[in-house]
Amino acid sequence: MKQKTLLASAIAAALVLQVWAVSAQDAPAPTPDNAKKLETITVTGSRIRSVDVETAQPVFTMTQQDIQKTGLTTAGDILNHLVAASATTYGKASVLASNFEQGGQYVNIRHLGEQRVLVLVNGKRWATGIDGLTDVSNIPSALIQRVEVLKDGASSVYGSDAISGVVNFILKDRYNGAEANAYMGQNQGGDGSTQNYSFTLGNTSEKSSIVFNANYNKQQTVWAHDRDWTNYSFGLAHPTDGLSGTGPWGRYTDPVTGKQVVINHTGSYDGVGVSEDSRNPANYHVGVTQNDRFNPTQQMMLRVPTELKSVFTQGRYNFTDNLTLKATGMYSERNSVAQIAGYPLNSRSQPNYPVFIDGGSYYNPLPGQDLSFARRTIELPRVSRNNAKTFHFDASLEGYFNVGEHEWNWDVGTNYNKLDGVVTSTGNLNLVALKNALGPSFLNAQGVVQCGTAANPIPLGTSLSGGQCTPFNILGGPSASTAQALAYVNSMGQATYNNTSKSFSANITGGLFNMPMDAGEFSFAAGVEHRDESGYDRPGQFEQSGYSTDLAAASTEGHYQTNEAYVEFNVPVLRDLPGAKELSFDVASRYSHYSNFGGTTNNKYSFKWKPLDDLLVRGTYAEGFRAPTIGDIAGGGSQSFDSYTDPCDTRYGVAATNAAVAARCQAAGVPANFRQLDTAGQPIKNAGGTQGTVPFNAGVGNINLQPEGATTRTLGLVYSPAYLEGFDASLDWYSIKVSNVITSISAQFVMDQCLVQNVASWCGNFTRGANGQVNSLNRGNANLGAIETKGYDFVAHYRLPEFSFGKFAITLDTTYLESYNQQSASGAPYDTYAGTWSYPRVKGNLSLDWSLGDFGATWGLRYQGAFRDACWDASAGIECNQPNYTSPTWGVIGANRKGAIVFNDAQVRWNAPWNASISVGVNNVFNRRPPVTYSVSNSDASSYDPALDLTRYFYVGYNQKF
């Protein structure tokens, strides 16, 4: 309610501005001085206003017209199709994510992570979560005037997070009239449909302006089972190798032999079938067969459905020619649903609260003996629903004045962001209820199985708190379950989260004096900022207790404050001289003091040199940092059933082909011929990672974390030849090193660092049982090692001369990844990733645009380069076309090279005479599929680069101006 009240206040303020505007319709036109002021702009990456849009830093700009030609409707989809964008950790494809980022859209630049990208709207910070990620799906795409993507570090200008780059959405602040937009799209298979409707209304006068936008976006589900190549974890070539060892058909451990005994049934790994009477011990077989397993992708979404509603308003009022009030308000509500397979239940799903089939249970095949059991409850798929509400409000006073002949601009303002929401879940099991349901039970006089004993019966019912109970035939499989038993054991979970940011800032920029030799104006910018950050993530008390199969987690709660000050100078040195048409330098420095770790100073140096009118040489050296987030320093931690491949596995682990690793495993006490076991107690069948049988401890915060540090170097050329009008090209080299990296460590990473990289400090983070299986592992956050990446960006535009048959424009945007290396700890060797899955060497977008009168068309190509994948079986040479390649990252011999892929997109447009426009398009015209990879599970959509289309996609858009 408070958020809606705040938004109402923002809208009311904007409407007041409009009332002032109406009363000032007869005000005089702007003065020449004011008109001169409007010619200067601030380009992302600098605080100094300038008339020059060519910068010393590589900035990629995308206009509203460019966006409309993509056929995409959300800011997240638009950004993730840029070549500088990389595969995201969270998003609408992250069905396995259990955090509140689920269903949002995020941007990852240069593979450095979403948390190292700063997102701005009109130059101001946008709402983030407690882990520092910014959901851009709620930014109104219909109001975007342009998107500026700074592919350079900028902490000296903006502060924390601006390591890999800055994305700045510049929204329309002047609009006259009204327009409505409608959009519908759908995959060729009939799923993944998208609807988008928006309405924009605005009025601009000489004194003021106001813009209002309402937007509705709905994207439907894509199921993994609807495509044969995503219906299996490792594609059609290996349909049964990724099956889960815990299937829907009940099994118990023989108390004498220790063997797995499985109920007989008519079904298969699809879970469809009927089991025999579970009370008869003769109706079981020994050992888990293929038909006893389960294909969990049958119940998994590949992309989650989302529904987004938002309203946005922006207004300005000029009190005088040199004093302006600006205000912006936004409120959005996003709902998303994610579903994964039913829980792979066993007696020790929660080690602190084990549950067994009681010897007195009516359904126990061995009466008198408590039985350890296992079964996946596919009747209760795990479903989580995320309701996220975001509020943004900013207001500022801006003005300018003259100091001699130099104009100075200033502003003071406040920025408020709030994200909060609720995640509810079903499909996990209430272990207290389950213990009752598997406890003593009997057949009562009415022929109904009832909890308790004949002497002490427990009332039938589904209310645990009401003292009721319903027996559960867990070994009988889905065909033996009852709706009452499932309702009794089903656990309803709930978690709440919040992140609030409040900031106050003041900035000033202007010219100080003119440099000798008419080189230009020596100018500066300076400012101060105070920011308060607070947030929490609170699982429900029952989930925290560990009495549910939901991963037990503790609350995260924290806050910090920061005070910052910066200064920037632009120094023009030479102009209009032979060999120096322009030479200028820019120097910036920012000091940031955080309440949780202290102070840090970051500097930036850049230059622009034009030896010729047609050629610009530019370069930067920038220091940057990323402050630990609330989640980093105060994370409560949670259980996690991680997937991994034990390096000591003698078939699929590194030890199979690496003698040094095999020797380390032997020294650690791992038995000879060791095989990692899956949840069925059988040896794993692939190298792609298998889910563990016990929960690990993950994500605990670290109050002693220090900020990450970064250095960025760029050097580039911009060429705009006068002899070829309409053509310009740029080539930029970049090098980024991130040190003191705040790392959320994976289980695979922990094991590999100990056994593959031989870093002894990691070996104490996990233990093994007597049989060699990993039985505990701790992983959390730490300042560890470094990330280094280098590469090149090439961009070219050519607007051809106009022909009688139309105008043509060609755009090419490419990037080459020279290297991407990650170090686990100081002194440890670097893991190399360039050229592997999701780190292609080459990415590129090429488009050809044509227009003639009211008609237009665009053909685009999106290129993803080849990559080295893991072999299916290196030792046997199966799907291993580079058998002699030795991976410095995997530590194994052999790789499987997968070829490049090209997606083609097409759109045609028509401007109708009734002031409307219609566009029809097809993305992925030739229906190309993303490559099947064995580096990750093929059915886990969170591993996909969001720029990779799943199938051919059709859409139509309609715009009506009034």
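In this predicted model, strands β26 (residues 598-612) and β27 pair in the antiparallel sense, with seven bridges between them. Strand β27 is mostly covered, with nine of its 12 residues buried.

Turning to the cysteines, the structure holds four disulfides. Counted in sequence order, the bonded cysteines of the protein chain pair up as 1-2, 3-4, 5-6, 7-8. One of the four joins C648 and C665, with the sulfur atoms 1.9 Å apart. This pair ties together distant parts of the chain, 17 residues apart: C648 belongs to the loop between β29 (643-644) and α10 (659-667), while C665 lies in helix α10 itself. The S-S torsion of C648 and C665 is about -90°, so this disulfide is left-handed. Both C648 and C665 are buried.

For C754 and C763, the sulfur atoms are 2.1 Å apart, and the link is right-handed, with 100° about the S-S bond. C754 is buried at 7% relative accessible area, whereas C763, at 30%, counts as partly exposed. C871 and C880 also form a disulfide, their sulfur atoms 2.1 Å apart; the link is right-handed, at 60° about the S-S bond. Both C871 and C880 are buried.

Conventions. Residues are numbered from 1 along each chain as its sequence is written. This is a predicted model: local features need pLDDT of at least 70, side-chain atom pairs count only at pLDDT 80 or more; totals for chains, interfaces and linings use all residues. Side-chain values use heavy atoms; hydrogens and water are left out. Buried means under 20% relative accessible area, exposed over 50%, partly exposed in between (1.4 Å probe, protein chains only). Helices (H or I, at least four residues) and strands (E, at least two) are DSSP runs, numbered from the N terminus. Two strands pair if DSSP finds at least two bridges between them. A disulfide is a pair of cysteine sulfur atoms within 2.5 Å.
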